[in-house]
Amino acid sequence: MRGGVARAVNGVSYTLNPGETLAVLGESGSGKSVTAEAIVGILDSPPGFIPKGEVRFRGDNLLALPEARRRQIRGQHVAMIFQDALSALNPVHTVGSQIGEMFRVHRGMSKADARKRAIELMDLVRIPAARARVDDYPHQFSGGMRQRIMIAMSIALDPDVLIADEPTTALDVTVQAQIMDLLAELQRERNMGLILITHDLGVVADVADKIAVMYAGRIVEEAPVHEIYANPAHPYTEGLLASIPRVDMKGQELYAIKGLPPNLMHIPSGCPFHPRCPYRRDDVCTTKVPPLYDVGPARGSACHFWEEVLDGSNR
Amino acid sequence: MAPTAEAVLEIRDLVKHFPLTQGIVFKKQVGAVKAVDGVSFDLYRGETLGVVGESGCGKSTLAKLLMVLERPTAGSVHYKGQDIYKLRGKDFKAMRRNVQIILQDPYTSLNPRMTVADIVGEPFDIHPEVAPKGDRRRKVQELLEVVGLNPEHINRYPHQFSGGQRQRIGIARGLALRPEVIICDEPVSALDVSVQAQVINLLEGLQNEFNLSYIFIAHDLSVVRHIADRVAVMYLGSLVEIGTDQQIYETPTHPYTQALLSAVPVPNPVGRGERERILLSGDVPSPADPPSGCRFRTRCFKAADKCAREVPLLEVRPGSPHPSACHFAEIKPVVDTVDA
C-alpha cells in the first residue's frame, strides 16, 4: 500500500509582524517544516504540491510569483536556517565562498569584496579568528560553529523574515544557549521577524512572543506565550505541557498522551486529535472538524470543547 | 524504589583510550583520544544512576565498557565481586546475562530483516537455559505484553512499528534474560515528547516490578532529574560531580554542573529574561588533547593558576558536601526548585 497522498499541511494560517518571534510547535510529522518550506518555496515538487493557499509578504502573494522574482525575495527578504548545518552546507566549498555567494549572486559583488563581507559576518556571529578560518571547509568546524555559519549566510542580506527550522536540536544545551542568545540579539538589532520551528517547549518559553501549536497539519492552538503556558485551550497543548517532567512530580507517573500521532495518509475523521483526546465526545468530535475558535484576545483553539479545556478543572 | 546499599557494579579508575595512528603501512601511534579517563562509581541494587554530559564527554564509551563491547585500557569493573574483564567462558556468559543494554536509536538498533519474535527471542539462542526451545514463543509474547505491545504482533517486522513502539521492542529484548542491570543509553532522546513520557513511565514501572538497577545515560537534564536517584555529571572523559538528584540539581558545586543546569531552557515563560544564566564560551576541547590540570578550566568562569597545574580530584570538599572535582567548589543554586 504505497499509493495515496500524505496530507502534511491542511489549512494553516499565521501572520508574523516585524520584530516578532512566532514559535511553531509540534511533533515530528505535524507539518511544521513543510509549512516553512512552502513559505520559502523550497518544497520538493514533485512529489509535493500546494493545492491552495497563499503566502503574503508585504501584500505580494509569494506562491503566485514567477520563480525568478521568488529567488530575489528568497535570501534578500526571507531567509531560512536548518537543523543539520553539516548537510545544509556544501562540503566542497569553503565557508567563506558560501557566505560570499549571497553577495555575489544577489548584489553582484566581486569575489574579493564578497570575501571581505564574509569575514565581517563571521565576526558578527562570533566565530573566533574569522580571518584565519574563512577558507576552511564546513567539516573543519564544530556543530555550534557550523550553525553560526548558517546564521551568517542567512542574515547576510539583512532579511525581514528569518525562518529557523529546529536550529538547536542537534546541539548540546550549553551551545544551544549560545546560539539562541545570538539569534535573539541579531533579531533585536535588525527588527527581524523570526519563525522558530521547534518541538522543545523549553526553548519556546524562553524566546517566543506567540505560539502556534500544530497537529496533523493543522494549527490546533494559537496564543501569546504567557497565556498558553498558564492556561492552554486545546487538549493536545494541555497534554504536551503536562508530560514535561517536573520537580514536584518526582517519583510519580508522568502524564502521557495515549496513542500515537496519526499517519498523514489516514488522518482521523472530524477532529484529528480525537482518538487520543480525554475530552472527546463521540457524536461531535468524530464527525465535525473543529474550526479555530476565537477563545480570547489573539487566541484561537481548534477544539469543540475549548471552554471546558480552558476552564482547567479537569487538569 | 529505596536503593539498598548493596553495590551491584563497582567501577574503579576506568580508562579507555583510542589510539590515533599515522602512516599506512607502518602505523605509528601519535596520540590517543582519551574517551574515558579515570571514572569510578558504584551502582546500587534497585537504583537509577543518571549520567549526564554533552556529546563527546564519553558517556556512550562508558556504556560500551560496562557491556564489555569495548575492553578498557586500564581500570576494573566488579560485578558481584568479580572483575568482569577477567571473566572467561561460562562465568563471562553468566555475567553478560545480567547486564543488558537499551540503545538510543530504535531505527538502527533493530535488524530490519528479523521479525519481532526473532529480535526479542534471540537472547534465548545464546542463553538457552532461560527458555527451552518449545517455550520461546510464549516467552516472547509475555515480554511483549510486559512492555505494552500487542502479543499478536509477534510476526511483524520493525518497520511496521512507530518509533515509540520500536523502543518498546528494544526494551523487551533487554528484559528477555531477566537481567539485574540495564544500561539505558539515551533511551528516549529519539522520541517525540508525547511518546517520551510513555516510555519513561514504562521504564520506571519495570524497575519496580523486577528490582532493576539502571544506568541512565542522557543529555536531557529534566528527564534525568525525573527518573534518577543519583546523578553523575561527566565532562571530557571524567566525572566532575556525583550526588543524589537533590544535591546535583538544587545545590550543585561544580561550575560545569552549574553552567549546564542554567543553560537548560525552563518550560515556563514567567520570569524569563530575569533568570541568571551562566553562558560558557567556546566548545568542548578535543579529548585527544585535553587541557592540563582541570579539564574544564578553558571554559570555566572560576579558573585560576592552580587549575592549570593541579588535577582536582572527585572528593568531598569544604564547600561541597558531595564529591565534586573543583578546587573552588561551592554551592550555588541555579535552578528554582519551584519552577514549571
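In the predicted model, strands β4(B) and β5(B) run antiparallel and are joined by two bridges. Within this pairing, H78(B) has D83(B) of β5(B) as its bridge partner. The two strands belong to an open, antiparallel sheet of four strands in chain B, arranged in the order β2-β1-β4-β5. The edges of this sheet are formed by β2 and β5 (82–83) of chain B, each of which pairs on one side only.

Strand β1 (residues 7–22) of chain B is connected to strand β2 (residues 28–44) of chain B through 13 bridges, and the two run antiparallel. One of the paired positions is I11(B), whose partner in β2(B) is F41(B). Five residues lie between the strands of the β1(B)–β2(B) hairpin, where G23(B) adopts a positive phi near 95°. Strand β1(B) also pairs with strand β4 (residues 74–79) of chain B, in the antiparallel sense and over five bridges. In that pairing, L9(B) has Y79(B) of β4(B) as its bridge partner.

A side-chain interaction accompanies the β1(B)–β2(B) pairing. R12(B) and D42(B) form a salt bridge in which the closest N and O atoms are 2.9 Å apart. Since R12(B) is in strand β1 and D42(B) in strand β2 of chain B, the pair ties together parts that are 30 residues apart in sequence. The two partners fall into separate accessibility classes: R12(B) is partly exposed at 34% relative accessibility, whereas D42(B) is buried, with a relative accessible area of 17%. Elsewhere in chain B, a network of salt bridges links E6(B), R45(B), K80(B) and E180(B).

Parallel pairing is found around strand β3 (residues 48–52) of chain B. This strand is joined to strand β8 (residues 213–218) of chain B by five bridges, and the two run parallel; G50(B) stands opposite F216(B) of β8(B). Strand β3(B) is also joined by four bridges to strand β9 (residues 230–235) of chain B, again in the parallel sense, with A232(B) as the bridge partner of V51(B). Strand β3(B) is mostly covered, five of its five residues being buried. In a regular strand, side chains alternate between the two faces of the sheet. In β3(B), both faces are covered: T48(B), G50(B) and V52(B) are buried on one side, and L49(B) and V51(B) are buried on the other.

The interface between the two chains brings 44 residues of chain A into contact with 42 residues of chain B. The area buried between chain A and chain B is about 3500 Å², with carbon and sulfur atoms giving 55% of this area. Polar contacts across the interface comprise eleven residue pairs, with both residues at pLDDT 80 or more. On the side of chain A that touches chain B, the elements giving two or more residues are α8 (173–190), α9 (201–207) and α10 (225–230) of chain A. The residues on this side of chain A divide into 22 nonpolar, twelve polar and ten charged. One salt bridge is counted between chain A and chain B. This salt bridge joins the side chains of R277(B) and D206(A), with an N to O distance of 2.4 Å.

R299(B) is placed in the loop between α9 (255–263) and α10 (305–309) of chain B. With a relative accessible area of 5%, R299(B) is buried. Apart from neighbours within four places in sequence, the contacts of R299(B) include T174(A) and Q178(A) from chain A. From chain B, contacts of R299(B) include E54(B), Y235(B), L280(B), S281(B), G282(B), D283(B) and V284(B).

Over all chains, the structure holds 31 salt bridges. Among those within chain A, E67(A) and R74(A) are joined with their closest N and O atoms 3.0 Å apart. Both partners are partly exposed, E67(A) at 46% relative accessibility and R74(A) at 22%. A salt bridge also links E120(A) to R117(A), the closest N and O atoms being 3.6 Å apart. These two residues lie in helix α5 (residues 111–124) of chain A, three residues apart, which corresponds to about one turn of the helix. E120(A) is partly exposed, with a relative accessible area of 47%, and R117(A) is likewise partly exposed, with a relative accessible area of 32%.

Terms used:
Residues are numbered from 1 along each chain as its sequence is written. Chains are lettered from A and ligands numbered from 1 in the order in which they are written. This is a predicted model: local features need pLDDT of at least 70, side-chain atom pairs count only at pLDDT 80 or more; totals for chains, interfaces and linings use all residues. Side-chain values use heavy atoms; hydrogens and water are left out. Buried means under 20% relative accessible area, exposed over 50%, partly exposed in between (1.4 Å probe, protein chains only). Two strands pair if DSSP finds at least two bridges between them. Contact means heavy atoms within 4.5 Å. Buried area is the accessible area (1.4 Å probe) that two parts lose on being put together, summed over both. A salt bridge is a side-chain nitrogen of Lys or Arg within 4 Å of a carboxyl oxygen of Asp or Glu. A polar contact is a pair of N or O atoms within 3.5 Å; within protein, one must be able to donate a hydrogen and the other to accept it, and residues adjacent in sequence count only if both atoms are side-chain atoms. Ala, Val, Leu, Ile, Met, Phe, Trp, Tyr, Cys and Pro count as nonpolar, Asp, Glu, Lys and Arg as charged, and the others, Gly among them, as polar.
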